[in-house]
Amino acid sequence: MLVSLRIKNIALIDQLEVTFSDGLNVLTGETGAGKSVVIGAVGIALGGRFDRTLLRNEEEDGLVEVLFTLTPAIRERLLETETLPEDLLSDGEILITRKLSKNRVVNRINGETVPLAQLRNTAELLINLHAQHEQTTLLKPSRHMEILDASDASVQEKKASVRTLYQKVQEIRRRLEQLDVDPGERAKRADFLEFQVREIREAKLRDGEDEELEEAFRRMSHAEDFCKAYAGNVPL
């Protein structure tokens, strides 16, 4: 859900912050009041064209920022498509920021700089923006499979099962990569471990020996204090 929109130095708008409530939100106003600018700013935040011709004051930076809350379903879609890493989704919100400064646009998601393509892919999963003569979600081939899958609950269960298995496979691959070390390094590590085992065996350690050694150390420490006191003729 879109929670808030912040605009700075875009077209007619110097600074504006809009907070959206649950349910239907309607923007009204006379012609030229800036309704289209607000909608256009949302389009910029979602990855639309952003250049200096859109600035109200070309000497200052332009900024568009949108905040979304994540539903469990949207979070799963973002993880499933590997659009964003899990650490960026931990707080249940996504803040998309686009700032135009010195002819360079900086794109950020939750404070982390990201490529424009990644920002657009993320935005596609968060919101549908429909405007006159613009392509709708239904006409995007990249979304057809997702829409078809959503029509049957059993498909969602199977997708969740496959996703779990895929994550397990990825974890196994990571473990195998960790084990796939250089033979020379592996032999060196084995020699070191054998040396440690040999040292432990030759020490002939027994249960409770460490407590006995600690007690002996304390006694000897006290004896040293007594000797120093006696040598210095300090009354005890």
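Biologist: Before we start, what does buried mean here?

Modeller: A residue counts as buried when its relative accessible area is under 20%, and please keep in mind that we are looking at a predicted model.

Biologist: Fine. With that in hand, how many residues of β3 are buried?

Modeller: In β3, 7 of the 8 residues are buried, so this strand is largely enclosed by the rest of the structure.

Biologist: And what is the order of the strands in the sheet?

Modeller: The sheet is open and has 6 strands in the order β2-β1-β3-β4-β5-β6, with antiparallel pairing. The strands β2 and β6 stand at the edges with a single partner strand each, so one side of each is left without a neighbour in the sheet.

Biologist: How many bridges join β3 to β4, and how many pair β1 with β3?

Modeller: There are 8 bridges between β3 and β4, which run antiparallel, while β1 and β3 pair over 6 bridges, also in the antiparallel sense.

Biologist: What else does F68 touch?

Modeller: Leaving aside residues up to four places away in sequence, F68 touches M1, L2, V3, L46, G92, E93, I94, I96, L126 and I127.

Biologist: Which residues have the most contacts inside the largest nonpolar core?

Modeller: That core has 35 residues, and those with the most contacts inside it are L5, F68, L78, I94, I96 and L126. At least two core residues come from each of β1 (2-10), β2 (13-19), α1 (35-45), β3 (62-69), α2, β4 (93-101) and α3, and the largest share, 6 residues, is supplied by α1. As a general point, nonpolar side chains in soluble globular proteins tend to be buried together.

Biologist: Switching to S4, is that residue buried or exposed?

Modeller: S4, which lies in strand β1, has a relative accessible area of 15%, so S4 is buried. Not counting residues up to four places away in sequence, S4 touches V18, T19, F20, E65, V66 and L67.

Biologist: Now the other end of the sheet: how do β4 and β5 pair?

Modeller: Strand β5 (residues 104-109) pairs with β4 in the antiparallel sense over 6 bridges, and R104 in β5 is the bridge partner of S101. The two strands form a hairpin with 2 residues between them, where K102 takes a positive phi near 50 degrees.

Biologist: And which residue in the turn between β5 and β6 has a positive phi?

Modeller: That is N110, with a positive phi of about 50 degrees, in a hairpin that has 2 residues between β5 and β6. These strands run antiparallel and are joined by 2 bridges, β6 being residues 112-113; I109 stands opposite E112, and R108 has T113 as its bridge partner.

Conventions:
Residues numbered from 1 in each chain as written. Predicted model: local features only at pLDDT ≥ 70, side-chain atom pairs only at ≥ 80, totals over all residues. Heavy atoms only, no water. Core = buried A, V, L, I, M, F, W, Y, C linked by side-chain atoms within 4.5 Å. Buried < 20%, exposed > 50% of the residue type's maximum accessible area, 1.4 Å probe, protein only. Helix = DSSP H or I, 4+ residues; strand = E, 2+ residues; numbered from the N terminus. Contact = heavy atoms within 4.5 Å. Pairing = 2+ DSSP bridges.
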